[in-house]
Amino acid sequence: MTQSNEKPAPADNEDPTTDESDLQTPTHSGFVALIGAPNAGKSTLLNHLVGAKVSIVSHKVQTTRALVRGIVIHNRAQIVFIDTPGIFKPKRRLDRAMVTSAWGGAHDADVIFVLIDAERGIVGDAQTILEGLTDVKRTKILLLNKIDRVRPEALLELSAKANEITSFDETFMISALRGAGCKDLLDYLAKTLPEGPWYYPEDQITDIPMRLLAAEITREKLYLRLHQELPYSSHVETESWEERKDGSVRIEQVIYVERDSQKKIVLGRKGETIKHISQSARKEIGGILEQNVHLFLFVKVRGNWGNDPERYREMGLEFPTG
């Protein structure tokens, strides 16, 4: 399931019901990478812009692992947003794979959105990201997020400081959670992205395979339930997917952990924890599919899975060598 950074071939988006005046108006399209430190609000922003969940969200850092594309039609533009893993100082092989994926997504995009948590300011990972963008020759847009938590004068100071480190083409003040400023972003992109055909059918909102999205939803529920108790290195895979004659779907997933003690945490007393996770995931997956879902979760111990190339392929990441 490795996701390629290559742009897809343009889609045949000619619609016989389209108004003739629309056909005379040129279409625009392009790729916009969302980068930032962990928990800067990238996935929340992506989901709001798309209008549906395509990227999972939790309070645990580094929740997003691979590139996730969300597709938005605004005016006559198709905007393909690329949610990337948070950029931070990597310590392990999995960390390196995620950070490499994030920078790769930025370099392959037409426009880079750089999210800064305005409440935290330009420190640590945020400072490193800004410094790393200095020589990147792309349209760069600064997004100061969580503006509802910061004084206006502090926002202006943050904008000035960021632009001293690397020059931005535009700066927007937003709240990804509340949606403030999001329409302004879409209006800007619809006007500035290059003319060209659309890459995806008009009704497609993501290119993530449903089997992978279902696994990601279960991983989100796992993190939300066991935020402090479970290391973020746990992993979920969809092992089987059966469309049944009654219109329902039967899904089997495996939650991989690294130690027996973690397995006990996931299962919980008398299986109560995994039951709760399964119920929450089943409800959300069913809502997306608009089908009844029968979800079966299993927990397996796979020691040191973070060094297994096959797991990286399942996550859509390149396995770092060395």
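**Sheet, helices and rings**

Phenylalanine 81 and phenylalanine 113 are both buried in this model, which is a predicted one. Phenylalanine 31 is buried as well, with a relative accessible area of 2%. The rings of phenylalanine 81 and phenylalanine 113 have their centres 6.2 Å apart and their planes at 45 degrees, so this pair is classed as tilted. Because phenylalanine 81 belongs to strand β3 (residues 77–83) and phenylalanine 113 to strand β4 (residues 111–117), the pair ties together parts that are 32 residues apart in sequence.

In total, the structure holds three aromatic pairs. Another of them joins phenylalanine 31 and tyrosine 199, whose ring centres are 5.0 Å apart and whose planes stand at 65 degrees, so that the pair is edge-to-face; the angle qualifies because planes over 60 degrees apart count as such. Phenylalanine 31 lies in strand β1 (residues 28–36), while tyrosine 199 lies in the loop between α6 (182–192) and α7 (210–225), so this contact ties together parts that are 168 residues apart in sequence. A ring also takes part in an arrangement of another kind, in which the charged end of arginine 250 sits over the ring of phenylalanine 296, 4.2 Å from its centre.

Six strands form an open sheet with mixed pairing, in the order β2-β3-β1-β4-β5-β6. At its edges stand β2 (68–74) and β6 (170–173), and because each has a single partner strand, one side of each is left without a neighbour in the sheet. From one strand to the next, the twist averages 25 degrees.

β2 and β3 are antiparallel and pair over seven bridges, and along them arginine 69 stands opposite isoleucine 82 in β3. β3 in turn pairs with β1 in the parallel sense, over seven bridges, with aspartate 83 in β3 as the bridge partner of leucine 34. β1 and β4 also run parallel and are joined by five bridges, where valine 111 in β4 is the bridge partner of valine 32.

Helix α4 (residues 125–132) lies across β1 and β4, running at about 155 degrees to β4, and helix α5 (residues 152–165) lies across β5 (139–145) and β6, running at about 150 degrees to β5. Helix α2 (residues 42–50) is mostly covered, in that seven of its nine residues are buried, namely Lys42, Ser43, Leu45, Leu46, Asn47, Leu49 and Val50. These buried residues of α2 pack against β1, β2, β3, β4 and β5, and also against α6. After α2 comes glycine 51, whose phi is positive, near 85 degrees.

How values were computed. Residues are numbered from 1 along each chain as its sequence is written. This is a predicted model: local features need pLDDT of at least 70, side-chain atom pairs count only at pLDDT 80 or more; totals for chains, interfaces and linings use all residues. Side-chain values use heavy atoms; hydrogens and water are left out. Rings of Phe, Tyr and Trp (its six-membered ring) pair if their centres lie within 6.5 Å; planes under 30 degrees apart count as stacked, over 60 as edge-to-face and the rest as tilted. Helices (H or I, at least four residues) and strands (E, at least two) are DSSP runs, numbered from the N terminus. Buried means under 20% relative accessible area, exposed over 50%, partly exposed in between (1.4 Å probe, protein chains only). A charge sits over a ring if NZ of Lys or CZ of Arg is within 6 Å of the ring centre and within 35 degrees of the ring normal. Two strands pair if DSSP finds at least two bridges between them. Axes are lines fitted to C-alpha atoms, for helices over the stretch in contact, and angles run from 0 to 180 degrees between N-to-C directions. Contact means heavy atoms within 4.5 Å.
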